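Welcome! Please take a moment with the sequence and the 3D view below before reading on.

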Amino acid sequence: MEVVQRIAQLRTEIERHNHAYYVLDAPTIPDAEYDKLFRELQSLETQHPELLTLDSPSQRVGGAVLDGFSPVRHAVAMLSIRTETDTEGSGAFNFDTRVRKALDRNDAEIEYACELKFDGLAINLRYERGVLVQATTRGDGETGEDVSQNIRTIHCIPLCLQYCDAEIIEVRGEVYMSRKDFNRYNDKQRALGLASLVNPRNGAAGSIRQLDSRLAARRPLSFFAYGLGEVRGWDLPATHSGVLDALSSFGLPVCDERAVVRGAQALADFHHKVAMLRDALAFDIDGVVYKVNSLAVQAELGFVSREPRWAVAHKYPAEEQLTVLRDIEIQVGRTGKLTPVAKLEPVFVGGTTVSNATLHNEDEIRRKDVHIGDTVIVRRAGDVIPEVAGVVLERRPAHLMPFVMPTTCPVCGSKVVREESEVNVRCTGGLFCGAQRKQAILHFASRRAMGVEGLGDKLVDQLVDENIIHSLPDLYRLDVATLAALERMAEKSAQNIVVALEKSKHTTLSRFLFSLGIRHVGETTAKDLAHNFGKLEAIMQADNERLLSVPDVGPIVAQSIVDFFGELHNIEVVQDLRDVGVSWEEHDGVSTAALPLTGQTFVLTGTLPNLSREEAKSRLESLGAKVAGSVSKKTSYVVAGAEAGSKLDKARELNVLVLDEAELIALLRKVDSK
DNA sequence: TGGCCTCGAGTTCA
DNA sequence: CTCGAGGCCA
């Protein structure tokens with residue numbers, strides 16, 4: 001076969017697979033096959049350099065390093081659109097009112113095209129006779145920069161349009177980085193010890209401005225088309241939505257999340273619907289865009305001071321804000337871990353006011369390079385806990401000192417150590433440390449442990465600071481008079497605490513074990529141990545080997561338990577607690593009788609209409625089932641209630657059986673009667 | 001030894 | 001909820 005023909009054939013085929021993979025998200029051939037085609041094309045092009053053209057998919061891997069980008073004057077200016085600033089969601093109505101007034105059609109329901117406002121970088125793609133010839137940034141709207149080389153590395157942007165040989169067609173859209181690609185890229189960079197990206201938008205913008213397109217090619221970018229620039233030799237559709245449909249049929253990626261609606265209320269509904277959807281999208285958006293759908297009406301409306309009168313952006317509360325890092329405070333946790341916490345100048349971000357954010361550990365601070373006094377980027381998307389995403393170095397005042405982790409505990413003054421191969425720094429003070437003692441007491445009293453109602457952190461602070469309580473058994477020696485003398489405590493509250501303490505004395509072995517706060521012994525492990533040994537005495541006397549015979553207990557956990565009961569002090573605490581009346585029922589260990597649901601794993605998600613989570617869990621466990629926290633292919637059933645989240649999605653993905661409450665109850669009843 | 005799969009621990013705001 | 005680390009299995 002003619003080389004020329006084979007090359008043309010390969011290019012068409014490779015681009016077809018590209019389109020299927022990157023635009024339609026439906027791969028047509030295995031990766032290995034694709035690689036084979038790609039390599040064949042590359043080798044033919046190397047043998048026949050005269051046949052190499054810029055629209056060949058082989059150009060997607062990047063090319064020569066540039067010294068700079070050349071300026072390009074836009075044939076049609078790239079304007080920005082006005083942002084509707086509203087407080088009470090009135091933006092849609094304000095826009096609609098303006099449009100109708102300008103058209104002098106106050107009674108009409110106008111047709112609008114609604115779409116998403118992507119948080120990326122605006123780009124103009126120029127196709128001549130269907131071939132991508134140039135890609136430019138917005139720049140100042142009049143003149144942008146030629147970034148063609150980098151844009152060609154974006155796989156979902158077609159180098160040749162399908163079914164379109166218009167003389168000139170300029171496509172406008174947004175280059176962005178999906179959340180998944182952003183996270184994956186950052187994970188990879190961190191694993192290599194390299195700089196990570198602050199957010200997807202910076203990732204996209206930074207990649208496009210890379211002078212070395214081979215580096216840009218490594219950044220996973222995507223594109224959505226949303227409009228047109230210069231057009232010659234193509235009959236425009238009558239509406240904006242028609243334009244988008246046409247662009248999509250040319251092989252360009254167009255976001256599916258769009259709608260054509262009539263009237264202001266429908267715009268507001270779209271705004272609301274997308275707000276609900278926002279967190280679940282695969283990419284960041286900062287709002288939605290409304291456009292008058294008819295191109296003729298758009299022309300009639302025209303522009304005011306370089307902004308189209310027929311389009312508006314309606315934004316959502318920002319998920320990112322700049323603020324000043326006032327201080328870094330050190331918190332000491334139950335295990336003695338020192339956690340640096342960012343004290344921020346309060347900012348409104350992602351729907352709430354944020355003033356604290358964890359900085360995790362020393363390495364994290366160094367990686368993000370935050371100094372006290374810096375202007376930082378705070379990010380909070382949806383239900384995600386706020387985080388300091390990065391520093392604005394340009395705003396750093398002179399002479400800021402880098403943060404150093406203290407070498408002694410800020411609470412008790414004991415030495416702190418950082419274990420080798422661990423990122424965390426720990427206070428060595430143990431229960432001598434006030435912070436650890438407080439946390440130990442709070443953990444002991446918490447709902448899943450001994451369940452002492454009303455014993456919160458403010459009360460524990462006072463009890464420890466005033467030297468009323470030194471160790472756990474002291475809790476049970478509290479009397480109403482002592483408690484009532486404290487701040488925000490009077491007779492009634494004090495009485496409630498004493499009653500709650502009394503109630504908590506009757507417990508189970510597994511709860512008691514858990515409440516002691518032995519390292520690596522959480523709720524599940526405590527249950528396993530209680531089940532296996534039956535008696536506390538047996539656990540206290542067990543050696544490493546005996547402990548290892550318990551399923552899910554390995555060397556680290558076993559050693560931790562041996563160490564704990566090796567301390568005289570801990571044995572005394574246990575004895576004292578029993579002396580003041582803490583009790584539970586004991587048995588002879590491992591009741592081997594196989595229960596009906598032994599070996600089955602359930603996962604609960606969402607809110608069930610009648611059963612509480614706790615209740616469902618304990619009923620399942622009493623029949624021998626295991627109730628786990630996350631779904632995997634080993635999960636037997638997922639029980640889903642209202643507002644079930646990602647666990648339900650995962651269950652569907654893995655084809656795990658899903659039950660609702662009624663089905664669960666039926667199952668329990670059936671199994672129980674056997 | 002590597003790759004799941006769990007568990008433990010720590011986290012913010014209303 | 002998410003990360004890191006412990007435990008188990010191939």
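This is a predicted model: local features need pLDDT of at least 70, side-chain atom pairs count only at pLDDT 80 or more; totals for chains, interfaces and linings use all residues.

Residues are numbered from 1 along each chain as its sequence is written, chains are lettered from A and ligands numbered from 1 in the order in which they are written, and side-chain values use heavy atoms, with hydrogens and water left out.

**Around DNA strand B**

Let us begin with DNA strand B, which has 24 residues around it. A residue counts as near a strand if one of its heavy atoms lies within 4 Å of it. Thr 335, Thr 339, Ile 385, Gly 522 and Thr 525 come nearest. Which parts of DNA strand B lie within 4 Å of the protein? Sugar or phosphate holds 95% of those atoms, and bases hold the rest.

Strand 15 (338-349), strand 16 (352-358) and helix 18 (523-533) each supply at least two residues of this surface. The largest share, six residues, comes from strand 16. Helices (H or I, at least four residues) and strands (E, at least two) are DSSP runs, numbered from the N terminus. By class, the surface near DNA strand B has five nonpolar, 13 polar and six charged residues. Here Ala, Val, Leu, Ile, Met, Phe, Trp, Tyr, Cys and Pro count as nonpolar, Asp, Glu, Lys and Arg as charged, and the others, Gly among them, as polar.

**Around DNA strand C**

DNA strand C is surrounded by Pro 551, Asp 552, Val 553, Gly 554, Pro 555, Ile 556 and Val 557. Of its atoms that come within 4 Å of the protein, 100% belong to sugar and phosphate. The surface here has five nonpolar, one polar and one charged residues.

| Residue and atom | DNA strand | Distance to phosphate oxygen |
|---|---|---|
| Thr 335, side chain | DNA strand B | 2.7 Å |
| His 520, backbone | DNA strand B | 3.1 Å |
| Glu 523, backbone | DNA strand B | 3.4 Å |
| Asp 552, backbone | DNA strand C | 2.8 Å |
| Ile 556, backbone | DNA strand C | 3.4 Å |
| Val 557, backbone | DNA strand C | 3.2 Å |

Two strands pair if DSSP finds at least two bridges between them. Strand 14 (residues 320-332) and strand 17 (residues 375-379) are joined by five bridges, and Leu 322 stands opposite Ile 377 in strand 17.

Another open sheet has five strands in the order 2-13-10-3-9, with mixed pairing. Strand 2 (83-84) and strand 9 (259-262) stand at the edges with a single partner strand each, so one side of each has no neighbour in the sheet. Strand 2 pairs with strand 13 (residues 311-315) in the parallel sense over two bridges, and Thr 83 has Ala 313 as its bridge partner.

Where does Ser 241 lie? Ser 241 is part of helix 8. Ser 241 counts as buried (under 20% relative accessible area, with exposed over 50% and partly exposed in between; 1.4 Å probe, protein chains only), because its relative accessibility is 13%. Leaving aside neighbours within four places in sequence, Ser 241 is in contact (heavy atoms within 4.5 Å) with Arg 258, Val 260 and Asn 293.

Technical notes
A polar contact is a pair of N or O atoms within 3.5 Å; within protein, one must be able to donate a hydrogen and the other to accept it, and residues adjacent in sequence count only if both atoms are side-chain atoms.
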